[in-house]
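Please look over the structure first.

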Amino acid sequence: MRHHHLGSIVAVLLALIVSASLASKYYRYPIHTPRPVPASPKIVHLNGPTNRPQVAPNVKLVDAFAVPVLMYHRIADLTPAEAKSPLMRDLTVSPAHFEQQVKYLVDNGFTCLLANEVEDAVRSGKKLPEKAVAITMDDGYRDNFDCAFPILSKYNVPATIFIVTGTVGTSGHLTWANIHEMRPHPVGYGSHTVSHADLTALGADQLDFELRESKRVIESRLVQRITSVAYPSGQYNRAVTQKAEEIGYLAGWKKGGGPVQPRTDPFLLPRVRVNGYATLDDFKRKVWSGVETRKMSSELD
Ligand SMILES: [Zn+2]
């Protein structure tokens with residue numbers, strides 16, 4: 001009898017110790033206390049498909065990470081007509097350059113992450129590899145499947161695509177079949193709204209629709225929780241970030257601002273743009289900016 005009492009006291013003590021240590025881990029970053037994850041009946045996996053390549057065992061994980069999240073749009077060879085447009089040339093990286101860039105990351109020991117792995121680390125105070133990047137592509141262009149995907153597959157590098165749901169299946173854009181086919185690679189997905197509207201220019205109802213409907217459509221197509229939105233043209237304000245959070249997003253991506261660091265606001269995550277004019281040297285500067293940032297902040301400590 002006495003033994004039984006002792007056993008239950010020990011069990012209670014153990015439970016208290018475990019929950020206290022979990023709680024202290026959870027609240028390590030008081031500035032952005034983790035937001036509660038709203039219930040969703042459709043969650044299959046929060047962190048993307050299960051066959052995610054594991055982080056290599058020799059990779060060092062750090063608390064004070066600084067991860068440049070690269071932002072692409074089109075990966076394609078331009079037609080002569082397209083090449084005359086400065087906007088098109090800015091928006092489009094050639095497959096040859098893209099392959100050179102992806103190969104550079106692999107050859108130089110960078111760990112490539114999915115965007116939601118970076119988001120998750122920011123929200124929950126997890127560690128990330130000391131030398132990491134993430135590849136993201138906005139707008140859901142068809143060439144992401146035709147030109148980028150074969151390269152990503154060849155080098156076994158994951159990527160995240162932010163989809164404009166209203167344009168899926170239209171000329172020049174991904175189809176749902178493309179999106180499904182890339183997913184197990186893994187390619188992660190986020191919302192880039194329904195119509196790529198400037199969210200800061202919308203009334204409350206339209207803002208709600210753009211954020212809510214795009215999330216709903218992708219979730220019902222992929223049967224997977226969609227946790228993040230990339231603000232079209234990087235335009236956001238307080239109403240936009242609040243609405244995104246209210247609807248159940250866990251993260252929002254803007255453009256510019258350097259590498260993602262632990263205390264970044266999860267709804268103002270920065271990205272580093274790679275445009276069609278970027279040389280390999282430009283690219284190297286962008287991808288090493290995380291390591292440089294870490295070096296500078298540790299010198300300040
Ligand atoms: Zn866009």
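A residue is buried if 20 or more other C-beta atoms lie within 10 Å of its own, exposed if 12 or fewer, and partly exposed in between, with C-beta atoms placed from the backbone. Buried residues make up 38% of the 301 residues in the chain.

This is a predicted model: local features need pLDDT of at least 70, side-chain atom pairs count only at pLDDT 80 or more, and totals for chains, interfaces and linings use all residues. Residue numbers start from 1 along each chain, as its sequence is written.

**Confidence.** pLDDT is the predictor's confidence in each residue, from 0 to 100. Its chain average is 87, and 81% of the residues score at least 70. Residues 22–51 fall below 50, yet this stretch has 38 contacts in the model beyond near neighbours in sequence. Two residues are in contact if their C-beta atoms, placed from the backbone, lie within 7 Å. Where pLDDT is low, the predicted coordinates should not be read in detail.

**Overall fold.** The chain has 10 helices and 12 strands. These are DSSP runs, numbered from the N terminus: helices are H or I with at least four residues, strands E with at least two. Of the contacts with a separation of 6 or more, 70% join residues 24 or more positions apart.

**Helix 5.** Residues 115–124 form helix 5, and eight of its 10 residues are buried. Among them are the charged residues E117, E119 and D120. G125 follows the helix, with a positive phi near 65°.

**Helix packing.** Two pairs are listed below. Axes are lines fitted to C-alpha atoms over the stretch in contact, with angles from 0 to 180 degrees between N-to-C directions.

| Pair | Axis distance | Crossing angle |
|---|---|---|
| Helix 4 (residues 95–107) and helix 6 (residues 143–155) | within 10 Å | roughly 25° |
| Helix 8 (residues 204–222) and helix 9 (residues 238–247) | within 10 Å | roughly 40° |

Angles under 35 degrees count as roughly parallel, over 145 as roughly antiparallel, 65 to 115 as roughly perpendicular and the rest as oblique. Helix 4 is therefore roughly parallel to helix 6. Helix 8 and helix 9 are oblique to each other.

Helix 4 crosses helix 6 in a right-handed sense, that is, with the near helix turned clockwise from the far one by less than a right angle. F98 and V102 of helix 4 are among the residues that meet helix 6, whose side includes I151 and L152.

Helix 8 contributes L207, D208, L211, R212 and K215, and helix 9 contributes A239, V240, K243, A244 and I247.
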